[in-house]
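Visitor: I have a structure to look at and some words to check. May I ask where each word comes from?

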Amino acid sequence: MVTLLTACTAPPIALPPVVEEALKQSEIPIQATGVYVQEVGGGQVMAASNPNASFNPASTMKLVTSSAALELLGPTFTWKTQAFADGKQVGDVLFGDLIFKGTGDPKLVVENLWLFLRRIRAHGIRDIRGSLVLDRSAFQELPFDPAAFDGDPGRAYNVGPDALLLNYKALGFRFLPDPATGKVHMIVDPPLAGYPVVPPTLSRDECGNWRAKLAPMVESGRARFAGTYSTACGDRTWYFHPYQMSGSQYFAAVFRHIWGELGGTFNGEVRDGIVPPSGRLITEWESVSLSEVIRDINKYSNNVMARQLLLTIAGNVTKLPATPDHGAAVVRTWLTNKGIDAPELSIENGAGLSRIERISPLTMARLLGAVFQSPTMPEFMSSLPLVGYDGTMRQRLRTRNVAGYAHIKTGMLNEVRAIAGYVLAASGKRYVAVFMINHPNAARGQAAQDALLQWIYERG
């Protein structure tokens, strides 16, 4: 039986004085914060403040999504991307369509596509005389506005979900100033077939806000940087979401380039569709395991991968084309079955990149307590940033005693700062720790959160 966090008979300390003082210095009222600290296994409650209040958790919402995925899908779960042929193969010529069917692999990066296409070439196909068909039916097609969250659709974190997501649908523009020629050389990663890129003009100004000076125009068929790039900036890369390109256009441009590099030829159209009954499986690509995927999601707070994961949960449990609403419903049912009632819970995309997602500190703490008692605890805990060492906690508390003794997920939005995870105290006892701040001064709240983690280590 899973032991959930429960209230202790001894009254908890509302907030440690060191935390209260840090909040006061940051001009953050206690009413704008939610804290819950308890020994795992239902032990002593060390601190509690507004534990039942509803807070925007920012990226700590990824803990809900990833823990549910580990139990519902299993830590060894993998995604499969399949290649089908629909038509007759004569020699090395396919007189028909090549079809890719995706299941939402969050980590189908360019290197993996290259290896996947090599497998197809190894099956004797060189010349494709039909179309390239992209089957992304595993996820229900829904409207998605990449500008809806923050009005900046070019940010890489604003990429929408896609059952055939390739390379996070991002472009890396690398700028290499060459004073000898008076030009800026550019490298695009991944390379795209038929996608010209016009570099900026070389300048000798101060580097400053170099991105703003570039005046980028990244369109569906080309990219142009109408501004300037300074020699003082040196070698830099800008990762960009080419939001005016559809997922199919992006996939097609990468495919054409790699296929040509591998000696293949293809001059047909690229279109969305589904695998027909006449399609025959050629080969498939299997992703890394879920355990590896959630390390990227939690340690580095990857929003795009978290969106994919929520939809994967939905599709595998409901057996229907996945939607975020289906995923949220599955997660809520999973929590209920674990005895965690969370009426305040609101899940929009499972990544925390949302203005409407909500959870209480107590619900988050009860979830973390339940996960610690589950068989998937080692995989889950190892996915969290290790304080002072890696992930989003790499630069925090490096010189304090708690460094290396806490696994903590961070969350950050405008007016939101949150931490949640586990602290191993000097006593050898382990505690669940949750600290959420929703306030205009939230960005100044890191000192209070860090003070809480050190206090738990010393006093727990």
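Visitor: Which residues touch the most other members of the largest nonpolar core?
Guide: This is a predicted model. In it, Leu290, Met364, Leu368 and Tyr422 touch the most other members of the largest nonpolar core, which has 50 residues.

Visitor: What makes these residues part of a nonpolar core?
Guide: A member must be buried, be of a listed type such as Leu, Met or Tyr, and be joined to others through side-chain atoms within 4.5 Å. Leu290, Met364, Leu368 and Tyr422 are counted in the core, so they meet these conditions.

Visitor: Which residues does Leu290 touch, not counting those up to four places away in sequence?
Guide: Leu290 touches Ala69, Leu70, Leu73, Gly74, Pro75, Phe77, Trp79 and Leu309. A second, separate core has 47 residues, including Leu171, Phe175, Ala223 and Tyr250.

Visitor: How many helices and strands are there?
Guide: The protein has 11 helices and 20 strands.

Visitor: Why is the protein called as compact as a globular protein of that length?
Guide: The globule rule gives 23 Å for 460 residues, and the radius of gyration is 25 Å, which is close, so the description holds. The C-alpha trace spans about 80 × 60 × 35 Å along its principal axes.

Visitor: What share of the residues is buried?
Guide: Buried residues make up 54% of the 460; the word applies under 20% relative accessible area.

Visitor: How do you know what share of contacts joins residues at least 24 apart in sequence?
Guide: Contacts between residues at least 6 apart are taken, and 71% of them join residues at least 24 apart.

Terms used
Residues are numbered from 1 along each chain as its sequence is written. This is a predicted model: local features need pLDDT of at least 70, side-chain atom pairs count only at pLDDT 80 or more; totals for chains, interfaces and linings use all residues. Side-chain values use heavy atoms; hydrogens and water are left out. Buried means under 20% relative accessible area, exposed over 50%, partly exposed in between (1.4 Å probe, protein chains only). Contact means heavy atoms within 4.5 Å. Helices (H or I, at least four residues) and strands (E, at least two) are DSSP runs, numbered from the N terminus. The radius of gyration is taken over C-alpha atoms; the globule rule is 2.2 Å times the number of residues to the power 0.38.
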